[in-house]
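Here are some notes to read alongside the structure. Keep the viewer open and look up each residue as you go.

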Amino acid sequence: MDLRTYLQTALDAAYLAKGIHQYYQEKGFTHSTKSTPTDVVTQADHESEAAIRELIAERFPDHVVLGEEQGQDKEGEFRWIVDPLDGTVNYAHGFPFYAVSIGLEVRDEVVLGVVLDTARGDLFTAIRGGGAYLNGRPIQVSQRRALVGSLLATGFPYDVGRDPENITYFQRALAKGLTVRRPGAAALDLANVAAGRLDGFWEVKLSPWDVAAGWLLITEAGGQVTGLQGEAYRLGNRYLVASNGHIHQQLLDTLHGR
Ligand code: IPD
Ligand code: CA
Ligand code: CA
């Protein structure tokens, strides 16, 4: 299997999404809400996913697509996992921190990941066993060994008002005086851990489309991704903790209030 063929398709699809994100950012867009009044979806989300699906279906008619806006309609060995616009709330406000995330899973293993920051243009890519890259240059996670002084990030699910679980973890981190950001696009947060710009990240209630590509990027950049108990991460785990590896146990301890 030559993963580079699939990588080219992921790149073509990501740049199609970028064109759509930019088009609606300039032209204006309609939007509606989904699970809660703060869970926004725009024309750009829907049209990006449709364009990505069309491209994959043209090139690989047997492949399955799992996308945030249209779900998944069949089963198969090759599954593309797509967040057509991660960071929709940022996008809707014109706050330039959002991305398209595309992962390819083959027989239940993510083998390829692309995250394209469609506002800034940063392109993060990884192929299993082949390292991680930012704009074509190899990237590594940071080498920081102490949690104090690390730059951390998290995110909150749209129903945080009803389910404040992550507020507890956030408080525990802040109570230790740690530096924690909430950038608002999980796929891009993960990519930034891979690039060593963030030392760690955690979130609860992420979906496979938020995680698939960023998870592989971090693994290929030498970092660590686990569940909340430190167990190996698997897609579908609602808890995700990611780091450069060195601070991982300290971050887990903090989240658990230790
Ligand atoms: C959301 C973003 C956000 C995270 C939420 C996600 P969306 O994805 O990644 O940072 O905190 O949990 O749902 O809705 O912008 O694709
Ligand atoms: Ca998302
Ligand atoms: Ca999305």
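The numbered points below go through the sheet, the helices and a metal site.

1. A word before we start: what you are looking at is a predicted model. Please keep that in mind through every point.

2. Begin with the sheet. It is open and built from 7 strands, in the order β3-β4-β5-β6-β7-β8-β9, with mixed pairing. The edges are taken by β3 (64-67) and β9 (137-139); each has a single partner strand, so one side of each has no neighbour in the sheet. Going from one strand to the next, the twist averages 20 degrees.

3. Strands β3 and β4 (residues 78-86) run parallel and are joined by 4 bridges. To find your way, look for V65, which stands opposite W80 in β4.

4. Next, see which helices lie on these strands. Helix α2 lies across β3, β4 and β5 (99-106), and its direction makes an angle of about 155 degrees with β4. Helix α6 lies across β3, β4, β5, β6 (109-117), β7 (123-127) and β8 (132-134), running at about 100 degrees to β6.

5. Is S48 buried or exposed? This serine belongs to helix α2 (residues 43-59). Its relative accessibility is 0%, and buried means under 20%, so S48 counts as buried. Leaving aside residues up to four places away in sequence, S48 touches A17, I20, H21 and P84.

6. Helix α6 also has a helix beside it. The axes of α5 (residues 186-194) and α6 (residues 208-220) come within 8 Å and cross at roughly 0 degrees. Angles under 35 degrees count as roughly parallel, and therefore α5 and α6 are described that way. On the α5 side, the contact involves A186, A187, L190, A191, V193 and A194, which meet D210, V211, G214, W215, L217 and I218 in α6. Sorted by class, this contact has 10 nonpolar, 1 polar and 1 charged residues.

7. Finally, which protein residues are donors to the calcium ion (ligand 3)? They are E68 (OE), D83 (OD) and L85 (O), at 2.1 to 2.4 Å from the ion. Along the chain, the donors follow the spacing E-x14-D-x1-L.

How values were computed
Residues are numbered from 1 along each chain as its sequence is written. Chains are lettered from A and ligands numbered from 1 in the order in which they are written. This is a predicted model: local features need pLDDT of at least 70, side-chain atom pairs count only at pLDDT 80 or more; totals for chains, interfaces and linings use all residues. Side-chain values use heavy atoms; hydrogens and water are left out. Donors are N, O and S atoms within 2.8 Å of the metal (3.2 Å for Na, K and Ca); water is not among the atoms, so sites may look incomplete. Axes are lines fitted to C-alpha atoms, for helices over the stretch in contact, and angles run from 0 to 180 degrees between N-to-C directions. Helices (H or I, at least four residues) and strands (E, at least two) are DSSP runs, numbered from the N terminus. Angles under 35 degrees count as roughly parallel, over 145 as roughly antiparallel, 65 to 115 as roughly perpendicular and the rest as oblique. Contact means heavy atoms within 4.5 Å. Ala, Val, Leu, Ile, Met, Phe, Trp, Tyr, Cys and Pro count as nonpolar, Asp, Glu, Lys and Arg as charged, and the others, Gly among them, as polar. Buried means under 20% relative accessible area, exposed over 50%, partly exposed in between (1.4 Å probe, protein chains only). Two strands pair if DSSP finds at least two bridges between them.
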